[in-house]
Amino acid sequence: MAQLKVGLLGCGGMGLSLATPCHELPNSTIAAVCDTDEARAREAGDKFAADVYTDYGRLVAEAGVDAVIVASPPFMHRPMVECAVASGKHVLCEKPMAPTVADCNAMIAAADRAGTQLMVAQVLRYIPAFHWLRDQIGSGAYGDVLAISIERIGGRWGGDYGVPWRLRRAESGGNLMEINAHELDFMRCLAGDAARVYAVGGNYICDEQDYEDLVFASITFKSGAVGWLHSSSLCHAGMGAYTGRVQCSKGTFFIENGFSSDAYIRYGVEGGDEVKAQKIGDIEVEPAVQHEVRLFVEAVLSDTPVAVPGSDGRAAVELAEAAYRSIAERRPIDLPL
Ligand SMILES: NC(=O)c1ccc[n+]([C@@H]2O[C@H](COP(=O)([O-])OP(=O)(O)OC[C@H]3O[C@@H](n4cnc5c(N)ncnc54)[C@H](O)[C@@H]3O)[C@@H](O)[C@H]2O)c1
């Protein structure tokens, strides 16, 4: 298999973002696309000169692809993944892997039974600020990770993101999965597996959605490190923020704004007074979505393990589900669920 033939399931914003580099890589091509919205499917089919379907089961059965990208709303990830792997297709599945741990378990079991690759698109790992931090802290030069705090706060869903499925937790996983699967995964990348989650929160103003619009979640990792996530859609007048701090035994990092190329990561080391600054826009890395797609394609073609296995996707969903359960039951929740 010199070139991977890939089918795209879900031709919305993220589907097109994933399919574009997949089609441009030398060793993969988008051969078929599917969306229940026929106009969207046709537009994507034209863009990639690909076969067009409105029924994903037919694409999987008839299009002759080796792999699929699943970029539908989260509640559709499980049926699509189960269908694809049952036909021997490898899968790159968008985050959150699914809205429940039970769905994730079923997806992992289905891929294991079929002997196909299943990678979850936890793209934040490859976004410059977070990529840089993973490299720095992963080098060991700053000692052990002791504490991570991330504040990702903004306004309510709107624009292209204000689609009905995002407003229902059973379909999207709510903010803690639909948005914060990224930060929860990132914390695990730095601190390892978690042992316990304790969260507080509620729905204060966003009554168009059926889940919490504000959550403070604290996480205790097996290593003894602690994490804290502030997730909110309560910010008015554009006063959102995306900041983070990582405290290590020999170093301290502060991310001013994880998505802004004009912002800096400030950091200092044990025993020193100097605060260094890494401009995020100066971090040279491969474009994040292309990076994850390339890793997936290479893993499938070389039959080597994928970079983000289903177990990692499941772990982010598990942290979020534990936080929801902690809020509902007003107690800490021990992992694994
Ligand atoms: N990594 C990121 O930063 C990021 C950003 C946005 C979205 N996402 C993820 O990507 C996924 C899709 O999000 P989006 O923003 O592209 O949503 P979207 O609503 O723009 O697109 C989803 C598409 O799936 C189609 N669809 C729904 N049911 C289908 C079915 N049964 N068969 C075929 N097509 C179907 C819809 O018609 C729609 O075109 C979600 O899991 C979301 O969390 C990730």
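I took helices (H or I, at least four residues) and strands (E, at least two) as DSSP runs, numbered from the N terminus. I noted that residues are numbered from 1 along each chain as its sequence is written. The model is predicted, so I kept to its limits: local features need pLDDT of at least 70, side-chain atom pairs count only at pLDDT 80 or more, and totals for chains, interfaces and linings use all residues.

**Entry 1: backbone exceptions**

Most residues other than glycine have a negative phi, and most peptide bonds are trans. A237 is found in the loop between strand 10 and strand 11, and I read its phi as near 55°, a positive value in a residue other than glycine. I found a cis peptide bond joining K95 and P96, with omega about -20°. P96 sits in the loop between strand 5 (90-94) and helix 5. Another cis peptide bond joins L335 and P336, where omega is about 0°. I placed P336 in the segment after strand 15.

**Entry 2: domains**

I turned to the domain assignment; domain bounds come from an automatic or database domain assignment. It gives domain 1 as 4-121 + 288-305 and domain 2 as 124-287 + 318-334. Taken over C-alpha atoms, the centres of domain 1 and domain 2 are separated by 26 Å. The contact takes 14 residues from domain 1 and 17 residues from domain 2, two residues being in contact if their C-beta atoms, placed from the backbone, lie within 7 Å. On the side of domain 1 that touches domain 2, helix 10 (residues 288-302) gives the most, with five residues. I sorted that side by class and recorded eight nonpolar, four polar and two charged residues. Here Ala, Val, Leu, Ile, Met, Phe, Trp, Tyr, Cys and Pro count as nonpolar, Asp, Glu, Lys and Arg as charged, and the others, Gly among them, as polar.

I traced an open sheet of six strands in the order 3-2-1-4-5-6, with parallel pairing. Two strands pair if DSSP finds at least two bridges between them. Strand 3 (51-53) and strand 6 (118-121) are the edge strands, each pairing on one side only. The twist averages 25° from one strand to the next. Strand 2 (residues 28-34) pairs with strand 3 in the parallel sense over three bridges, and V33 has V52 in strand 3 as its bridge partner. I saw helix 2 (residues 38-48) lying across strand 1 (4-9), strand 2 and strand 3, at about 160° to strand 2. For such values, axes are lines fitted to C-alpha atoms, for helices over the stretch in contact, and angles run from 0 to 180 degrees between N-to-C directions.

I then followed an open sheet of nine strands, ordered 14-13-12-11-7-10-9-8-15, with mixed pairing. Its edge strands are strand 14 and strand 15 (333-334), each of which pairs on one side only. Helix 9 (residues 181-191) packs on the sheet, touching strand 7 (145-153), strand 8 (194-202), strand 9 (214-221), strand 10 (226-232) and strand 11 (241-248), and its direction makes about 165° with that of strand 7.

I looked up the pairings at the strand 14 end. Strand 12 (residues 251-255) and strand 13 (residues 264-269) pair in the antiparallel sense over five bridges, and I255 is bridged to I265 in strand 13. Strand 13 and strand 14 (residues 276-279) also pair in the antiparallel sense, over four bridges. The bridge partner of R266 is A277 in strand 14.

**Entry 3: helix 5 against helix 11**

I checked how helix 5 (residues 101-114) meets helix 11 (residues 310-329): their axes come within 9 Å and cross at roughly 170°. That makes helix 5 roughly antiparallel to helix 11; angles under 35 degrees count as roughly parallel, over 145 as roughly antiparallel, 65 to 115 as roughly perpendicular and the rest as oblique. By class, the contact has six nonpolar, four polar and three charged residues.

**Entry 4: the ligand**

Which residues are closest to the ligand? I listed G10, G12, M14, S72 and E94 as the closest of the 23 residues that surround the ligand. A residue is near a molecule if its C-beta atom, placed from the backbone, lies within 6 Å of it. Helix 1 (residues 13-24) supplies the largest share of this shell, three residues. The shell divides into 11 nonpolar, six polar and six charged residues.
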